[in-house]
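Let's walk through this fold together, one question at a time. Have the model open beside you as you read.

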Amino acid sequence: MSSEWPLRQDPEAPVIIALALVNDPDELGFVVLDDEDDWFISDGTELSDDVLVNRESFGKLSLREAVELLPQLGALADLPTGMAADWDPEHRTWLLSSVTGSDDEDEDVRLLAQRRAAWEYEGSPDDEAQISTGLTEIPTGPQQPVRAVRQVVREQDGTWLFVGFEVPEAEDFEVEGLELEHVANLYPDVRTVLKAAPGQVYDRATPDSEWELVEG
C-alpha cells in the first residue's frame, strides 16, 4: 500500500469486517459506508438480528488493517455516506448503490429530515435519480476511464437523469438508480445545474466546459 493514506477517514478507526475475509480476502462481497462515515465490510453475509451469530461472523479491524488486507478499498475514497459498493472480482470494479433504510426506523426518519432541511437544490435529496451505468462503476485497474457527467436532464415530471461521457451521443444506454444527493456528492460539478426546472436539459462538451442550457 502507498505511504499516502487513500481514504478520508481516520486510519485507526474501527471497521466491522467479516471474519472470513481475514482468512481469504478474495471472498470480498460488498461494503457499506453508513451515515456516521463508518465502514462495514462483508463477504456477502448480512448482519443478523442475533448478536451471537454476528459475533461468530464478524470482527473488528482498524481501517488501516482493512486497507492493507483489501487495497481495492482505496478506490472508494470519494464514496458518500449512506452508500454501498458491490465488488466485481472479474472486472475488479466497484458497483455503487444507495442504501435505503436500516433497522432503526426512528433514526432513519431523523436523518432524512436533517438531509431534507439541509438540501439547497430542486427536488429532494432522497429522490431516485437515473444515472448512466458507467457513472456507478469505479474500476480499480490501471486503465481509469473518465468518470464525469456530460448531460443533466430534468424530465417534465420533475425526475432527474444524469448521463456520463462514457455514453456516445445518440446511442441507447443502461441506467441505474441512485439517490439524488448521492449523485451530487459523487459528481459535485452537477450541483450548479440542480436548479433545472422540469423540461430543462443542460449539456457540456468536455468535463472542464461550462454547462449550457440546451433545452427548456
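Q: What is the order of the strands in the open sheet of 7 strands?

A: Before we start, note that this is a predicted model, where local features need pLDDT of at least 70, side-chain atom pairs count only at pLDDT 80 or more, and totals for chains, interfaces and linings use all residues. Residues are numbered from 1 along each chain as its sequence is written, and side-chain values use heavy atoms, with hydrogens and water left out. Strands here are DSSP runs of E with at least two residues, and helices are runs of H or I with at least four, numbered from the N terminus; two strands pair if DSSP finds at least two bridges between them. The pairing in this sheet is mixed, and the order reads S4-S1-S3-S2-S5-S6-S8.

Q: Which strands are the edge strands of this sheet?

A: An edge strand pairs on one side only. Within the sheet, neighbouring strands are turned by 25° against each other on average, direction ignored (axes are lines fitted to C-alpha atoms). The edges are strand S4 (58-62) and strand S8 (137-139).

Q: Which residue in S8 is the bridge partner of Leu95?

A: Strand S6 covers residues 93-98 and is joined to S8 by 3 bridges, the two running antiparallel. The partner of Leu95 in S8 is Glu137.

Q: How many residues of strand S9 are buried?

A: Buried means under 20% relative accessible area, exposed over 50%, and partly exposed in between, using a 1.4 Å probe and protein chains only. Strand S9 spans residues 149-154 and is mostly covered. The count of buried residues is 6 of its 6.

Q: Which residue in the turn between S9 and S10 has a positive phi?

A: Strand S10 (residues 160-164) runs antiparallel to S9, and 5 bridges join them. Val153 stands opposite Leu161 in S10. The two strands form a hairpin with 5 residues between them, and the residue with a phi of about 95° is Gly158.

Q: Which residue in S12 is the bridge partner of Val152?

A: S9 also pairs with strand S12 (residues 201-203), through 3 bridges in an antiparallel arrangement. In S12, the partner of Val152 is Tyr202.

Q: Which residues do ring pairs link into a cluster?

A: Rings of Phe, Tyr and Trp (its six-membered ring) pair if their centres lie within 6.5 Å; planes under 30 degrees apart count as stacked, over 60 as edge-to-face and the rest as tilted. The whole structure holds 5 aromatic pairs, including a tilted one between Phe30 and Phe40, at 6.0 Å centre to centre and 50° between the planes. Phe30 lies in strand S2 (residues 30-33) and Phe40 in strand S3 (residues 39-42), and both are buried. The cluster consists of Phe30, Phe40 and Phe58.

Q: What is the centre to centre value for the aromatic pair of Trp87 and Trp94?

A: Both Trp87 and Trp94 are buried. Their pair is tilted, with 55° between the planes, and the centre to centre value is 4.9 Å.

Q: What radius of gyration does the protein have?

A: The radius is taken over C-alpha atoms, and the globule rule is 2.2 Å times the number of residues to the power 0.38. For 216 residues, a compact globule would come near 17 Å, and the protein agrees with this at 19 Å.

Notes:
Axes fitted to C-alpha atoms, helices over the stretch in contact; angles between N-to-C directions.
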